[in-house]
Amino acid sequence: MDLLKLQESFDAKIEKGDCIEPKDWMPDDYRKTLIRQISQHAHSEIVGMLPEGNWITRAPSLRRKMVLLAKVQDEGGHGLYLYSAAETMGISRDEMIEQLHSGKAKYSSIFNYPTLTWADIGAIGWLVDGAAIMNQVMLQRTSYGPYARAMVRICKEESFHQRQGYEIMSVLAAGTHEQKAMAQDALNRWWWPSLMMFGPPDADSPHTAQSVRWKIKRETNDELRNKFVDRTVPQAEFIGLKVPDKDLKWNEAKQGYDWGKINWDEFYNVIKGNGPCNKERLEARRKAHENGAWVREAAAAYAAKQQQKAAA
Ligand code: FAQ
């Protein structure tokens with residue numbers, strides 16, 4: 001088929017809402033956009049294990065420890081599904097890891113903030129997983145088949161994560177004066193960075209318009225951010241916490257909240273590598289990769305041996 005026909009058949013599938021599958025023809029830029037987005041998403045899941053992993057040994061009870069351990073393992077699993085989905089587009093796992101370690105590939109800004117108290121674990125589950133689901137529910141209908149299918153399972157798990165975080169916050173908010181203050185402090189520190197997770201405003205987002213045309217994104221950064229605010233503010237009020245935004249106000253006419261200004265300088269500074277924990281996070285990932293070298297060598301040797309046996 002000539003290029004024009006291939007492009008027409010691709011456009012028709014997108015228009016109809018069919019999935020694009022790995023062996024289908026696709027424009028180079030569609031492939032590049034997806035490799036960028038899926039690999040950055042995978043990196044976010046893996047780097048996202050670090051701030052919470054920091055509290056596994058200090059969880060306040062055995063039950064809390066078991067739940068946190070399971071959650072952090074889930075995030076590792078999400079990273080693996082996503083690396084596999086990206087591999088179907090022709091990039092290798094090694095290349096993606098190299099791009100993370102060299103600083104060429106991004107991961108979510110949110111994971112460059114420190115987890116200072118136990119309440120931060122509640123805030124991450126409630127707000128960070130809450131924001132992640134808001135974005136990922138639409139990605140279940142993204143136009144690339146392997147990415148959409150990976151999202152279905154990830155969303156189920158993220159929804160459990162969000163609830164466990166909200167439950168931690170509810171218990172703290174209903175606890176002693178000190179516990180409630182700790183929950184409020186965590187909300188104060190995580191609120192604005194969670195809103196930044198959705199990416200720059202639509203007007204400043206270089207990729208959104210094209211990604212919406214390709215149905216990679218089904219909703220824009222600002223649409224999702226507004227939905228998140230509308231859904232989360234009543235949850236904070238329900239447990240007696242205050243969202244740290246003096247401009248937050250219900251707008252009856254639009255049936256949604258009006259809210260304050262995000263500090264976009266902070267966001268760009270963090271994604272440039274200058275957030276509070278960027279260096280620490282990348283160092284931890286590089287070290288984990290070096291320490292895992294013997295596992296990869298052993299697995300490769302085992303696979304080679306199995307192949308030899310099968311060929312004999
Ligand atoms: N952080 O034009 P746009 C999770 C970059 S998973 C860092 O709007 P796009 C689970 C963007 O890459 C969280 N960089 O770009 C969990 C681009 O730079 P580039 C991760 C950001 O792709 C919970 C530039 O800014 N979720 O949390 C961020 O159309 C708890 C311009 O931006 C996903 O990755 C940011 N926040 O929209 C794990 C979801 N925002 O590449 C552990 C999939 C933007 O040109 C514990 N990704 N940038 O150099 C997406 O939906 C999209 O990629 C967006 C960005 C919405 C993140």
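1. A pocket here is an open set of points on a 1 Å grid over the protein atoms alone, with protein on both sides within 12 Å along at least five of seven lines. This is a predicted model, where local features need pLDDT of at least 70, side-chain atom pairs count only at pLDDT 80 or more, and totals for chains, interfaces and linings use all residues. Residues are numbered from 1 along each chain as its sequence is written, and side-chain values use heavy atoms, with hydrogens and water left out.

2. Start with the largest pocket. Its volume is about 990 Å³ (the space filled by probe spheres set on the points, which are joined across faces, edges and corners). The lining has 43 residues (those with an atom within 4 Å of a point). Gln40, Ser108, Met197, Phe198 and Gly199 come closest to the pocket centre.

3. Which helix gives the most to this lining? Helix H6 does, with nine residues. Helices are DSSP runs of H or I, at least four residues, numbered from the N terminus. Others that supply at least two residues include H2 (28-47), H4 (62-87) and H7 (145-173).

4. Nonpolar means Ala, Val, Leu, Ile, Met, Phe, Trp, Tyr, Cys and Pro; charged means Asp, Glu, Lys and Arg; the others, Gly among them, are polar.

5. Where is the ligand? The ligand sits in the largest pocket (more than half of its atoms lie within 2 Å of the pocket's grid points). The shell around the ligand draws two or more residues from each of H2, H4, H6, H7 and H11.

6. The ligand is surrounded by 36 residues (a heavy atom within 4 Å). Lys106, Ser109, Ser205, His207 and Lys217 are the closest. The shell divides into 13 nonpolar, 14 polar and nine charged residues.

7. Now the polar contacts (pairs of N or O atoms within 3.5 Å). A polar side-chain atom of Asn135 is 3.0 Å from a ligand oxygen. For Gln37, a polar side-chain atom is 3.5 Å from a ligand oxygen. Met197 has a polar backbone atom 3.2 Å from a ligand nitrogen.

Terms used:
On a 1 Å grid over the protein atoms alone, a cavity is a set of points where a 1.4 Å probe fits but cannot get out, and a pocket is an open set with protein on both sides within 12 Å along at least five of seven lines; lining residues have an atom within 4 Å of a point. A polar contact is a pair of N or O atoms within 3.5 Å; within protein, one must be able to donate a hydrogen and the other to accept it, and residues adjacent in sequence count only if both atoms are side-chain atoms.
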